[in-house]
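Please keep the sequence and the structure at hand while reading.

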2 protein chains.
Amino acid sequence: MTLNVVALTVDLVLLTIRREALQVLLIRRGIPPYQDRWALPGGFVLDDEDLDAAAARELREETGLDPERGHLEQLATYGGPGRDPRGRVVTVAYLALLPDLPAPVPGSDAAVAAWRPVGETGELAFDHDRILADGLERARSRLEYTPLATRFCAPEFTVADLRTVYETVWRTRLDPRNFHRKVTGADGFIEPTGGTVIRDRGRPAQLYRRGPATHLHPPLLRQSPGSPSR
Amino acid sequence: MTLNVVALTVDLVLLTIRREALQVLLIRRGIPPYQDRWALPGGFVLDDEDLDAAAARELREETGLDPERGHLEQLATYGGPGRDPRGRVVTVAYLALLPDLPAPVPGSDAAVAAWRPVGETGELAFDHDRILADGLERARSRLEYTPLATRFCAPEFTVADLRTVYETVWRTRLDPRNFHRKVTGADGFIEPTGGTVIRDRGRPAQLYRRGPATHLHPPLLRQSPGSPSR
DNA sequence: CCAAAAGTGTTTTATGTACACCCATGA
DNA sequence: TCATGGGTGTACATAAAACACTTTTGG
């Protein structure tokens with residue numbers, strides 16, 4: 001049998017909401033292959049390092065964020081023999097949903113890093129266009145069946161903040177009144193903190209933190225079940 | 001940096017329905033580690049072989065089945081440093097939903113292979129208990145949102161056959177009348193062939209083949225949305 | 001004729017949607 | 001007091017659950 005060892009990396013699809021847009025963190029490559037092209041952040045898995053740990057380490061290196069503050073999950077693994085011209089490199093992609101980082105967001109080390117709206121990424125290096133597309137679809141789906149939308153928010157947030165997350169990720173408008181009822185009624189989704197804020201004008205909004213639920217019952221469906229047949 | 005090359009394998013969670021039970025294909029290991037323990041089938045990814053191709057090849061080797069007849073999808077990747085005592089072995093797990101194979105099902109090569117009900121597998125080798133559990137959960141979820149339940153059936157099947165799939169995988173009872181309406185009403189799920197069969201007694205049942213849909217709208221939910229809160 | 005399984009129709013109940021309406025604040 | 005956004009109540013449409021009932025076969 002031929003040698004079947006491969007180089008192993010993790011690549012990260014880091015998503016956040018900045019300036020009313022869904023954005024992804026990209027790194028400008030300084031060396032070939034794909035020099036000067038944008039790519040997803042990532043790096044090699046170390047010896048004796050678990051895959052999840054490698055992804056968490058990369059997340060911390062790239063953003064400075066404590067992995068606990070966001071959500072990090074394995075997305076899929078990409079291992080086509082031609083995906084890296086240097087040789088056989090298999091990458092385990094991870095998806096992260098992160099709050100808008102107020103601090104020194106990108107460029108912790110030398111490489112150039114930047115948040116870019118997901119629709120304006122150009123052509124990425126390697127097969128990263130495909131990985132990003134898979135990550136976006138996963139993120140949109142996660143918002144339907146899980147309470148992970150709160151991971152895009154600050155620790156305390158209003159129902160309107162949460163609705164903005166849904167509207168941004170799904171690229172739709174949602175009825176504020178029905179949305180309010182749904183999320184406050186879904187068991188364990190969000191919990192009131194007792195505080196209020198006034199964002200612009202208008203009546204003060206209640207503040208919430210994320211609740212203990214891991215799944216949404218019932219789900220918030222992107223497309224109303226009856227509408228496709230009409 | 002230390003050497004970060006790893007050995008890469010694919011492992012398969014092959015599911016089928018035999019004798020009214022959800023069963024998984026297992027291989028009895030003939031060599032250490034975990035000698036004489038049951039394990040998921042799998043093997044090394046070859047040089048210049050895509051991951052999906054490696055999984056399809058293993059599926060064909062283990063079952064003799066044309067991968068086109070079933071459904072094969074990537075499940076997740078497991079790469080904890082201690083998962084294989086021989087060294088760093090990362091495995092990409094795949095999930096397959098297969099029809100009941102009438103032919104020489106297991107044991108295409110020397111190793112002992114057998115279908116076993118998913119609840120009676122004992123303790124599997126490596127981290128295969130975890131992989132199997134993840135595969136089962138994925139399969140149960142797939143039946144809600146996709147028409148993949150038909151992959152457990154023969155090319156032509158009755159609505160009752162399809163209902164048995166759901167009841168077996170979900171371990172529930174479903175109302176035959178409402179189930180009939182749902183699946184015949186879901187767009188692109190199943191298509192009548194024109195033929196009929198009499199299985200035991202009773203009125204002949206229409207025969208169907210699987211339709212072109214890739215997703216179910218609306219989904220068939222395991223748990224009625226309102227029931228958990230009551 | 002009876003039992004059994006397939007399939008249809010109807011009632012009841014729950015859920016989603018649309019929207020009128022009130023509340024609490026800044027200007 | 002007006003504009004603005006937060007939040008509640010309610011009528012209507014739609015879909016699911018429960019189940020009575022008809023159809024079509026074998027024995």
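How much area is buried between chain A and chain B, and what percentage of it do carbon and sulfur atoms give?

## Contact between the chains

In this predicted model, the area buried between chain A and chain B is about 2500 Å², with 57% of it given by carbon and sulfur atoms. A:Asn4, A:Thr77 and A:Arg88 supply 18% of the area that chain A buries against chain B, more than any other three residues. The contact draws on 31 residues from chain A and 32 residues from chain B.

Between chain A and chain B there are zero salt bridges, whereas eight residue pairs are in polar contact. On the side of chain A that touches chain B, strand S1 (5-18), strand S5 (71-78) and strand S6 (89-97) are the elements that give two or more residues, and the residues of that side divide into 18 nonpolar, eight polar and five charged.

## Strand pairing across the contact

S1(A) pairs with strand S1 (residues 5-18) of chain B in the antiparallel sense, over three bridges; A:Val6 stands opposite B:Val6 in S1(B).

## Surface near DNA strand D

Of the 24 residues around DNA strand D, those that come nearest are A:Gly202, A:Arg203, A:Gln206, B:Asn178 and B:Arg203. Sugar and phosphate account for 56% of the atoms of DNA strand D that come within 4 Å of the protein. The residues of this surface divide into six nonpolar, seven polar and 11 charged, and H4(B) gives the largest share, four residues.

Bases are approached from both chains: a polar side-chain atom of B:Asn178 lies 2.9 Å from a base nitrogen of DNA strand D, and a backbone N or O atom of A:Gly202 lies 3.4 Å from a base oxygen.

Technical notes:
Residues numbered from 1 in each chain as written. Chains lettered and ligands numbered in written order. Predicted model: local features only at pLDDT ≥ 70, side-chain atom pairs only at ≥ 80, totals over all residues. Heavy atoms only, no water. Contact = heavy atoms within 4.5 Å. Buried area = accessible area lost by both parts, 1.4 Å probe. Salt bridge = Lys/Arg side-chain N within 4 Å of Asp/Glu carboxyl O. Polar contact = N/O pair within 3.5 Å; in protein donor to acceptor, adjacent residues only side chain to side chain. Nonpolar A, V, L, I, M, F, W, Y, C, P; charged D, E, K, R; others polar. Pairing = 2+ DSSP bridges. Near = heavy atom within 4 Å.
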